[in-house]
Amino acid sequence: MTDFRGRHFLSTLDYTSAELRELVDRTVALKATGGAGKPLDGRVLAMLFFNPSVRTRVSCESGMARLGGHAIAINPGKDTWNFECGEGVVMDGNTQEHVRELGPVLSELCHAVGIRKSELITTGSAQAQPTGSYEELARDEFMHRFAQFSSVPVVNLESNAFHPTQGLADMTTIVERIPEPRGKKYVLTWAWHPKSLPVATPHSQLLSACDLGMDCTVVRPPGYALAPDVMAAARERAEALGGSLVETEDEAEAYEGAHVVCAKAWGSLDYYGRFDQEARDKQALRDWMVTGAKMDRTDDAFFLHCLPVRRNVVVADEVLDSDRSAVIQEAGNRLWTAAAVLAAVMGA
Ligand code: CP
């Protein structure tokens, strides 16, 4: 067994494919026993949720409880001080507490810290506006600066660049349904959405299939490429396990013979910050929705989506309400994935 104690879990790219597969095995084992033995008895997790959440927050709280521990979720800026992470900043504005204190303080008070901080996640219909370019935001400065000053493990609960616990839950769901995923076809399809959503989740979802050595296809319209560094890393990891990664704009070709179809809407990195323009230009792409007819091209593929999902926008009812849908199993695996990662990094 690998000793994961004390390691941050900020991106699955910080872990080898074999380590991730071990975490999947631990997830499956915890799921089978329901967390028996309470390995996190007396341990406390603090979670900073800068954005809304259902699955991530509840899976972490439930995971900690089932393993005998406790979780505290706080909303920075609402029920805490406003936090600062800039180096050498004169804090005479809106921020009251720096990560140089916050990291060590939470390390005194807790055994692990989870952070969700993404610029583009909001509720309602308003489009969030980023405060910088994608390249700037993808550095996830707050999370990495916090981790630098934390002496306890930090878990990424979704940032601008990655959503690793979602990726691991997808990996678990694939393995549960296809115990030998090598040689099987995984398709990540872009979907139309009224808003420009983050690329963090599709990055981590794609990596999950590549870390299983699957033959992966990303199908998306022109202008909707994922980040080049993530694509390069994903391809390298897939090929190292005998798999592959290709991109296409041809939906018919992509769905043909697929064993897994994962849908996700994401905003164009080419348009990043010009979302009104993007919204106008992508009206022509509204038929990029997963339908029963498209799924009929597959080799009896099952359907994944991280949720929440807009029905009959991203995916048709006929798919979501059919036996082809694995989205509830996938969301349920968020619980055991969170439990496995938290137990691993806390050394339980
Ligand atoms: N998939 C996911 O992260 O869901 P929440 O935003 O509800 O946590």
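Which residue forms a salt bridge with Lys-31, and how far apart are the closest N and O atoms? In this predicted model, the partner of Lys-31 is Glu-176, and the closest N and O atoms of the two residues are 2.8 Å apart.

The protein chain is divided into domain 1, which comprises residues 12–162 together with 334–345, and domain 2, which comprises residues 166–331. The centres of the two domains, taken over C-alpha atoms, are separated by 24 Å, and the contact between them draws on 38 residues from domain 1 and 36 residues from domain 2. The size of an interface is often given as the accessible area lost when the parts come together. For domain 1 and domain 2 this buried area is about 2900 Å², with carbon and sulfur atoms giving 60% of it.

Between domain 1 and domain 2 the count is 1 salt bridge, whereas 12 residue pairs are found in polar contact across the interface. On the side of domain 1 that touches domain 2, the elements giving two or more residues are α1 (17–33), α4 (134–137) and α13 (327–345); of these, α1 gives the most, with 8 residues. When the residues on this side of domain 1 are sorted by class, 17 are nonpolar, 16 are polar and 5 are charged.

In total, the count comes to 15 salt bridges, and several of them can be described through the exposure of their partners. The side chains of Asp-3 and Arg-5 meet in a salt bridge with an N to O distance of 2.9 Å. Asp-3 counts as partly exposed because its relative accessibility is 48%, while Arg-5, at 54%, counts as exposed.

A salt bridge also joins the side chains of Glu-247 and Arg-220, again with 2.9 Å from N to O. This pair links distant parts of the chain, since Glu-247 lies in strand β9 (residues 244–248) and Arg-220 in the loop between β8 (215–219) and α8 (228–240), 27 residues apart. Glu-247 has a relative accessibility of 35% and therefore counts as partly exposed, but Arg-220, at 11%, counts as buried.

Glu-251 and Lys-294 form a further salt bridge, in which the closest N and O atoms are 2.9 Å apart. Because Glu-251 lies in helix α9 (residues 251–255) and Lys-294 in helix α11 (residues 292–295), the pair ties together parts that are 43 residues apart in sequence. Both Glu-251 and Lys-294 are buried. Finally, Glu-87, Arg-100 and Arg-145 are linked in a network of salt bridges.

Notes: Residues numbered from 1 in each chain as written. Predicted model: local features only at pLDDT ≥ 70, side-chain atom pairs only at ≥ 80, totals over all residues. Heavy atoms only, no water. Domains from an automatic or database assignment. Contact = heavy atoms within 4.5 Å. Buried area = accessible area lost by both parts, 1.4 Å probe. Salt bridge = Lys/Arg side-chain N within 4 Å of Asp/Glu carboxyl O. Polar contact = N/O pair within 3.5 Å; in protein donor to acceptor, adjacent residues only side chain to side chain. Helix = DSSP H or I, 4+ residues; strand = E, 2+ residues; numbered from the N terminus. Nonpolar A, V, L, I, M, F, W, Y, C, P; charged D, E, K, R; others polar. Buried < 20%, exposed > 50% of the residue type's maximum accessible area, 1.4 Å probe, protein only.
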